[in-house]
Amino acid sequence: MTTLTAPYRPQTSQEPALASSSEVNYLNASYGVKSWLLTTDHKRIALLYLMSVSLMFIIGGLAATLIRLNLLTPSGSLVTADTYNKLFSAHGIIMVFFFLVPVVPSVLGNFCLPLMIGARDLAFPRLNLASWYLYMTGAGLILWVIFSGGVDTGWTFYTPFSSKASHTDVVPALIAIVIAGFSSIFTGLNFIVSVHRLRAPGMTWFRLPLFIWSLYATSIIMLLATPVLAAVLILVGVERIWGIGIFDPALGGDPVLFQHLFWFYSHPAVYIMILPGMGIISEVITCFSRKNIFGYKFVAFASICIAVVGFLVWAHHMFVAGQSAYSALIFSLLSYLVAVPSAIKVFNWTATLYKGSVTFHTPMLFALGFIGLFTIGGLTGLMLAALGLNVHVHDTYFVIAHFHFIMVGGMVMAYMAGLHYWWPKITGRMYPEMWGRVAALIIFVGFILTFIPQFVLGYQGMVRRSHIYDPQFQVLNVLSTAGASILAVGYALPLTYLIWSLWRGSKAEPNPWSATGLEWQTASPPPTHNFAVQPVVDCGPYEYSLQSAIATEDIDEQH
Amino acid sequence: MSIDKALDRKDSGSRYYAVYGVLIILTIATVGLSFCDLHAWHTIVGLAIATGKGALVALFFMHRLHSARITWLALFAGLFWLAILLGLTLTDYLTRAWLIY
Amino acid sequence: MTNKTASPWWHHFDSLEHQQETTTFGMWVFLATEVLIFGAIFTGYTVYRSTYTPSFEAASDRLNLLIGAVNTVVLLTSSLTMALAVHAAKLGQTRKVFFRLVLTAVLGLVFLGLKALEYYGDYRDELVPGLAFDPAQWTAPKVHAGQVQLFLVFYYCLTGLHAVHLTIGIIIVAILAWMTRRAAFNSRYYAPVEIWGLYWHFVDLIWIFLLPLLYLIGTRDRWL
């Protein structure tokens, strides 16, 4: 690893007692299964999440693999229509509720938030552990449902199909999602309370790292949107069990009401997925261009703005569902509004890169990939928010490509960036840099090849959720599947070398990137109580200019 | 919380009984009014009284008057987001009849 | 909440006050999410209520207002005893805390008992869609049996969810009473009593709004 500058730490007024002296850290402080399953240490809980979330990612990815393989031929020769329905439902449910929503908050957020605000733990450590158990209960239940026969409703559970017509295990699936929902509510609660109450001395709101701002914004959504999802899924369950329900047109009920309540959660949930990713990008971009973020307050408030405005746009998923035209008008307009804070972020990251001393380490490669892919995803989102165009591409592969650009091109890239960035801190080991860069490139190329053809397919009229298609679409589908196999290799690489690095990676220094955040001021891996000495903060989070200025001074002095 | 602990020593909690009395009177009022013919106003009146009762419970029983300012944030966030949910959903239902395709 | 370590608060807090204020804030944040969980069902209710007003009024008139009103008083009383329990906890009057918590839990049980009685009455009156429902009794003009069923489903969902919350509340208050007996709290450390008091009042608050929304939406001419 190239050392970037002399390890200078402008963040704390007192020199932190670096635990390079002590060999005891959170990983080896105690041993045994019990010390992990009953831990209240946020860092260990983050690792528990890391393992379970990765498992869910693999299972969801396998479902995606089968979907893509089936779409190699127009006649869908691999699986039956019924199995195909169950496959895309499993893929959607697992990836959305059990991977994308929890992944960054629960793994990286859980690990980094207390470290970054200079706290010893989250506000409610036992609640944090309880969230993991809730997550595991939900995940176990959903896996049981999927492997014992599956559900065929899609991840959206639209009524009346989910409440009346479907013959699969809808109710257990609903219960699993409600349980996992409470896991994310409690995580959000913990984050919000911790940020308010546990900041280190001197850590004012505007000295918070932008990752914390984005986690805070995410938590707002988790807290205020997830209960609505829980309630509406309970209503569907009631309707399904008793056969008398709220969304039943036979009684005068309105299935579109389900969609309103469902998207009140599920649209903001998109921002649960992307906001923490944006926070990671802010950390990585500043660190690897050695510059303060351009327009700190704009980026910080853009997160909050996205969280709030994200609640005002949900019915743009329902333009052709039969809602009032006036309502559609309002929601279309508001959907355009939410692009503003997202654009602010993209421009500010780009401006941060300008004249920075950019180095292309693995996290930076992922972050740059994120910016490009997220921009494409965001702009096609605006196309979808336009009422007229939406009618043309509604429920086609255009939509699929759009949200995969945000979710996979955006969020998974950002997660990869964050995972590599904090990997030395989490494990105390460096990942192999060369392999990391190769993986980043492969994932980028594979992703582009998978999803760009889908934009074209969708625009030409290939509908989503169909296991067969018109033969004219085959070439592009084959391209997409080819891209997906490259993507699969890209994801298999980090899985392999990150595990390899646990034993064979070189030992990480406390601050391998010469980054400025508080989390880099303690040992790698950190001790159980995070900091040997309570850190005190006296400047902003990205004072890289200050850092290099002082480094230059040091050199001058030596001369 | 601990703001007026010194006062609390002498405090017999009599204000709780007073608030309780008002709550009971308001309950009798709201039930009684349901027997009067208010036409379409039943829900409005009922919700107004309920809001008054709710405010009493929040301000006194839940110590809204004395607890940290920060907790107002949580309260208002909950109500604000409920308003978003209700308001924007109703933009659909209240305007559906305006335009028949 | 006390940890095994020497200090009576968790290691990541500065002081006991810091911990208590933080847990109180945490409970308020949780209650904000509770507002939305009831709010979602309430939104569905409002949509149909504004569309199917005559059916909703007709169905509302058939609910048992007597039990509804008595239950309101029961729950308000339990809120009073809860507030007094918190008050006593602040002063460290352990015996009073114990009796008031027990009284609160008992009043909660009374509420549930009356509610069960009311549900049984609804069942006998054929007001339970799917189990016992007679479409023939809804013949008034502008009243449709289907819409009446919608109202009733909301009635059971809202009161049912409320009852679930109350049941959780009763269990926790009972545990708190037991803990009080075991001298777990004192005038400095009583955060659990305080924050679950907040929860209890919140459940009461929900009922305060359910009463007019479910029982009092039309002009009544009888109690039952």
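Among contacts in chain A between residues at least 6 apart in sequence, what percentage join residues at least 24 apart? The figure is 86%. This is a predicted model. The predictor gives the complex an ipTM of 0.92 and a pTM of 0.93.

**Chain A: fold and dimensions**
- Chain A holds 16 helices and zero strands.
- Its radius of gyration is 23 Å, close to the 24 Å that the globule rule gives for 559 residues, so chain A is as compact as a globular protein of that length.
- The C-alpha trace of chain A spans about 80 × 45 × 45 Å along its principal axes.
- Of the 559 residues in chain A, 57% count as buried.

**Where chain B meets chain C**
- The contact involves 43 residues of chain B and 43 residues of chain C.
- By class, the chain B side has 26 nonpolar, 13 polar and four charged residues.

**Confidence in chain C**
- The average pLDDT of chain C is 91, and 96% of its residues score at least 70.
- Confidence is highest in helix H4 (residues 94-124) of chain C, at a mean of 96.
- Strand E2 (residues 132-133) of chain C is where confidence is lowest, at a mean of 88.
- Over residues 1-6 of chain C, the pLDDT is below 50.
- Beyond near neighbours in sequence, that stretch of chain C has five contacts in the model.
- Where pLDDT is low, predicted coordinates should not be read in detail.

Conventions
Residues are numbered from 1 along each chain as its sequence is written. Chains are lettered from A and ligands numbered from 1 in the order in which they are written. This is a predicted model: local features need pLDDT of at least 70, side-chain atom pairs count only at pLDDT 80 or more; totals for chains, interfaces and linings use all residues. pLDDT is the predictor's confidence in each residue, from 0 to 100. Helices (H or I, at least four residues) and strands (E, at least two) are DSSP runs, numbered from the N terminus. Two residues are in contact if their C-beta atoms, placed from the backbone, lie within 7 Å. The radius of gyration is taken over C-alpha atoms; the globule rule is 2.2 Å times the number of residues to the power 0.38. A residue is buried if 20 or more other C-beta atoms lie within 10 Å of its own, exposed if 12 or fewer, and partly exposed in between; C-beta atoms are placed from the backbone. Ala, Val, Leu, Ile, Met, Phe, Trp, Tyr, Cys and Pro count as nonpolar, Asp, Glu, Lys and Arg as charged, and the others, Gly among them, as polar.
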